[in-house]
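Thanks for asking me to look through this one with you. Please have the model open beside these points as you read.

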Amino acid sequence: MTMIPLPVRSRLARLGAWSRRRVPFLARTPELKHWIEWAARVGFGARGFVYLSVGVLTLLGVFGVGEAVGTGGALAWLVTRPFGRLWLLLVILGLAAFVMWRLMQAVFDADHEGKDRKGLMARMGQLFSALGYSAMALGASGLLFDKPEDAEAEAVVASRQTAETVMSLPWGDWLLAAGGLAILGIGVANVTRAWREDFTQHLACSESLCRKVAPLARWGYMARGLAYLPLGAIVVLAGLHAQPSDVTSLGAALEAVERQPAGPWALSAMALGLIAFGAFSFVEARWRRIRPPREVL
């Protein structure tokens, strides 16, 4: 997909080259492709920080120090730390940069996935990822101005209000169940990707290092997928039973897992997997091949 016609892009490129030759300040300014690459790497780092925080806080909850949290709970915890709002602002900017990169992947095919069925499915997943991280960034922005009392309780209330709004629509119960199926689909897609994906194909690191970090990605995507399954099941049942009050948040769904037989062990494995996912995001921030699409240069 080309948003800017080739003749226009060519003229803009020549204008940029002429400006860099004539204006000393512009000559010292990095090219746009470098800014895009740095923004994408910051985005991967922000994603890694969020999931690393979720994993650590959830693991501490298993041992009785706090409670299992979702992404919103982890960001709310960050606000309570020294200089928390400053750190949160940096995370929000990083997530915005990650959304920008995801859109470039989805719209401009920055990773050269192609236009066949497999490529289009991958790009569709990147588009949904952009939407998901946009919602995460918008939710986090509210914490910049509001004092977080109990982020997970607020997340549950917000989820139930959304469910009630959906239920008020025609065929609302089926729409809510469909939303739950979509969450289940995200979970299954992550689990499937954990087994099938070659996570080293986009990394510019040595073969030995790639072999060492690939298990982090597999464990991380597996854990992230499994974490979404109980939430999806709860939303589906809430829709089928027309009970929006049963809808909950990701953190509360993880707490429900902990209350099951062998739940603490299962939740510990999920938490360690989310930590692994965060760690692999940091690996991508450092070694991922970032190829800005020509359409935006």
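1. A word on the basis. This is a predicted model, in which local features need pLDDT of at least 70 and side-chain atom pairs count only at pLDDT 80 or more, while totals for chains, interfaces and linings use all residues. Residues are numbered from 1 along each chain as its sequence is written, and side-chain values use heavy atoms, with hydrogens and water left out.

2. Do start with α3 and helix α11 (residues 263-287), which pack at an angle of about 160 degrees with their axes 7 Å apart. Helices here are DSSP runs (H or I, at least four residues), numbered from the N terminus. Axes are lines fitted to C-alpha atoms over the stretch in contact, and angles run from 0 to 180 degrees between N-to-C directions. The angle makes α3 roughly antiparallel to α11; the classes are roughly parallel under 35 degrees, roughly antiparallel over 145, roughly perpendicular from 65 to 115, and oblique for the rest.

3. The crossing of α3 and α11 is left-handed, meaning that the near helix is turned anticlockwise from the far one by less than a right angle. The residues of this contact between α3 and α11 divide into 18 nonpolar, seven polar and four charged. Nonpolar covers Ala, Val, Leu, Ile, Met, Phe, Trp, Tyr, Cys and Pro; charged covers Asp, Glu, Lys and Arg; the others, Gly among them, are polar.

4. Next, helix α8 (residues 172-196) and α9 have axes that come within 7 Å and cross at roughly 165 degrees. α8 and α9 are therefore roughly antiparallel to each other, and their crossing is left-handed. By class, the contact of α8 with α9 has 22 nonpolar, seven polar and five charged residues.

5. α3 also packs with helix α5 (residues 84-108), at an angle of about 120 degrees and with the axes 7 Å apart. α3 and α5 are therefore oblique to each other, and the crossing of α3 and α5 is left-handed.

6. Lining the largest cavity are Y51, V54, R224, A227, Y228, L250 and L274. The elements giving two or more residues to this lining are α3 (32-62) and α9 (207-240), and α9 has the largest share, three residues. By class, the lining has six nonpolar, no polar and one charged residues.

7. Lastly, the whole structure holds one disulfide (a pair of cysteine sulfur atoms within 2.5 Å). C205 and C210 form the disulfide, with their sulfur atoms 2.4 Å apart. The link of C205 and C210 is right-handed, with 115 degrees about the S-S bond.

Conventions. On a 1 Å grid over the protein atoms alone, a cavity is a set of points where a 1.4 Å probe fits but cannot get out, and a pocket is an open set with protein on both sides within 12 Å along at least five of seven lines; lining residues have an atom within 4 Å of a point.
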